[in-house]
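Biologist: I would like to learn how to read a protein model step by step. Could you take me through one, feature by feature?

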Amino acid sequence: GKEKWPRGEETVWKGAMRDVDTDVSSITKSFVNHVQTSLARQPYNLDNLGAYQASALSVRDNLLVNWNETSLQYTRKAPKRAYYLSLEFLMGRTLDNALLNLGLKDKYAEGVEKLGFSMEDILDQERDAALGNGGLGRLAACYLDSSASAELPVWGYGLRYKYGIFQQLISPEGDQLEAPDPWLDNQNPWELPRLDVAYEVRFYGQAERLHDGTPRAQWTGGQEVLAVAYDVMIPGCYTKTTNNLRLWESKPKRGFDLNSFNAGNYEGAVESSNSAAAITSVLYPNDHTTFGKELRLKQQYFWTAASLADILRRFKNIGKPITQFPDYVAIQLNDTHPTLAIVELMRILLDEEDQPWAAAWQIVTNTFFYTNHTVLPEALEKWPVPLLEHLLPRHMQIIYDINMLFLQSVEKKFPGDRDRLGRMSLIEEGFPKQVRMAFLACIGSRKVNGVAELHSDLVKTTILKDFVEFEGISKFGNVTNGITPRRWLDQCNPELSALISRTLKVDKAVWLKDLSMLEKLLPRAEDKKFRDEWAAIKQRNKERLAHHVQVTLGLTINTNAMFDVQIKRLHEYKRQTLNILGVIHRYLTLKSMSAEEKKKVNPRVVFFAGKAAPAYYIAKLTIRLIVNVAKVINADPDTKDLLSLYFLPDYSVSLAEVLIPASDISQHISTAGTEASGTSNMKFCLNGGLLLGTVDGANIEIAEEVGESNVFFFGHLTPAVEDLRYQHTYHPVPIEEKCPALAHVLNQVSAGLFGDAHVYEPLLNTIRQGDHYLLSDDFDSYIAALAMVDEAYLDRTEWVKKSIRTSAKMGKFSSDRAIMEYAESYWNVEPQHVA
Ligand code: NBX
């Protein structure tokens, strides 16, 4: 129906409203306007940073127009919405992505050029938003891009860390040093502080059951802090839909405690304000380990409580009864980090909404969805009961109640099976007792999924096996991860994107949103002209990377070599150690070759990048070994034209955008069954890089799509792993006997070929003793696979064909496909077109 204009004259309002820019002159006008007013600067001394800020503010104005219209539409139509709760959003830079999604990049480039700037230089001024560790955080960012692009009403909720993932420095000795990442120091034009959107969050205190015939309790006392919203605009690709990522910042409820202040306790007064601010001060830099730190638990509760309060308030504005909550709200839990949301919603429903237990549990278990990202036992979150009892006394009561009722129902289905009850209890016995968060997330959710076929099968047959038997298989599914082709092709590889558009004879607006169209490139693998263009673009991307390394690190890279890349967090299960030992093996082999033999060898440049958790000793030693091997190899005149090695410091989304398009081959070589999915594997293949990997995670599905003849697989398969580990423990065979080639490499390191003879022993010993990640079992087939890569690269025509075929078959791995699976098969959320 026709709405009444709130105040004043509608025509005056509407006539004065900003619209999205469409022409170069309105863009330059807006740019100059921001220079004059928002930045209060003179055109005469405007530098690139100032030009970036003016561009960003002007692009932000455009985004806000769309963002407002999208919000209005959602409020008016009140469709079911989904919320993606993630402690990490690894967004990277925003300006380029926003310009491309708005379809305004060319016009802005023209505009800033007229004002005397270059778009490339401006884009390069932006700092990454690095509020994440790795794949899990980057996946969340890709899913936001795809949600907005598919016009889905999906919001993200996270924390506004003052410091993102640490900056990595490498000392001359090869040690990783960590420096803080004060990413907000230069002002962040992409966020809107919402000082009016704030919630109080309680910690500690007392919980008392009411014993009035209801399950209610009262939670009082303790510490209260304030959660304040900061909104980040998420533009869809070629659509008005612009969604929201809401990040919470903690601050003290009152500036500081006046009573203590007046009593002369200045320090105590300031301390209470400091401890509130501390909650969102820093991203925890550990992946795949849990540390049981109280501040981390505080972060988790602070964030889930604020997000739920916000979601509930929005739901209440619709005016529906609380029992209909799951008809309007779906909440996706990105790993177990937000599991407390399940308990918090129970608390609100019981204690504040006065719902009976069964009704409350019904609402909760129809609202939440849980995605698991790992089956590594050491990575499964557990929280000590005493810590929970202290910090969140009411929540601990509710967890006990959930557990009691749950175990009663298990007992009913499997009478007398005490073992099973012990295995399935939310509380793990021990000193202290611990709450198993994955089990809580599982029983509190409507559905549970893994992130690739193999991984989802492992979830069902290992860590949640008992739960499959109890709850039925249909609750457990798979959504294979995906990546956004906007950032990971169009943005990072503009030349390839342009070639694809020319070849398909469609605007990129079409194929970027229907990535399976890439299949139409397949026949072009037989077209020499197309192959030459394809190969020339790869070559230019290699030169772009070399230029970047030259400028940032002062190193000169041989762009006639094959570029071999492994970039990811440092972890034993990802086996960067296997790669560096393989490099050493290649080096020793080259050293033993005659000049004649060397002529047949193709030069290779090996790149590593990735951060190690600051307390992960073995991972840091691996970095040190890589750096020191690089020193020796790169300086050896016998071999340096044929093999060189670089560890690029401070891996980031932006660095990935330069590395990935330049890769000929990339390595994804985890011990079978340990890498849940991997997502950079998809990015490399989309950009025409070939894959060298184990039969693990999404590598398997990539091979299914592109055909086994186009990937290089090696190593033992998942079913063999358990048995091999058993052999290592109970029937160990000396490495000299089992794998002489590997033994030789290890001995050379031990002998000090790369300096520091003793330093690497703890790292080498992980292989010599126990070898949990099976390097000695896979080394020979790894070396054989590397040789196959070399051989394949000699036939460059065939290689380029493989490259084209690989890229052409990557449609499945668009995050658009993945997000539609979540929307349709999990959340029941539908696109909302904003006209
Ligand atoms: O999630 C990663 C998996 O290792 C990848 O296989 C997968 O592709 C990706 C997306 O599904 N997991 C990951 O990145 N985990 C973390 O970063 C992490 C961070 C904090 C933490 C535990 C894990 N406490």
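Predicted model: local features only at pLDDT ≥ 70, side-chain atom pairs only at ≥ 80, totals over all residues.

Biologist: How many helices and strands does the chain have, and what does its radius of gyration say?

Modeller: The secondary structure comes to 36 helices and 24 strands. For 835 residues, a compact globule would have a radius of gyration near 28 Å, and because the chain has 28 Å, the two values agree. Along the principal axes, the C-alpha atoms fill a box of roughly 90 × 75 × 60 Å.

Biologist: Which residues are closest to the ligand?

Modeller: The ligand is surrounded by 19 residues, and the closest are Gly135, Leu136, Asp287, Ala676 and Ser677. This shell draws at least three residues from each of domain 1 and domain 2, and by class it has five nonpolar, twelve polar and two charged residues.

Biologist: How are two packed helices described, and at what angle do helix 23 and helix 35 cross?

Modeller: Two packed helices are described by the angle between their axes and by the distance between those axes. Here the axes of helix 23 (residues 528-553) and helix 35 (residues 796-808) come within 10 Å and cross at roughly 80°. The two helices are therefore roughly perpendicular to each other. Helix 23 makes the contact with Arg531, Trp534 and Ala535, and helix 35 makes it with Thr797, Val800, Lys801, Ser803 and Ile804. These contact residues divide into four nonpolar, two polar and two charged.

Biologist: Where is the cis peptide bond, and which residue other than glycine has a positive phi near 60°?

Modeller: The cis peptide bond joins phenylalanine 431 and proline 432, with omega about 0°, and proline 432 is found in the loop between strand 15 (427-428) and strand 16 (434-436). The residue with phi near 60° is tyrosine 204, which is found in the loop between strand 7 (191-203) and strand 8 (206-209).

How values were computed:
Residues numbered from 1 in each chain as written. Near = placed C-beta within 6 Å. Nonpolar A, V, L, I, M, F, W, Y, C, P; charged D, E, K, R; others polar. Domains from an automatic or database assignment. Axes fitted to C-alpha atoms, helices over the stretch in contact; angles between N-to-C directions. Helix = DSSP H or I, 4+ residues; strand = E, 2+ residues; numbered from the N terminus. Parallel < 35°, antiparallel > 145°, perpendicular 65-115°, else oblique. Contact = placed C-beta atoms within 7 Å. Rg over C-alpha atoms; globule rule 2.2 N^0.38 Å.
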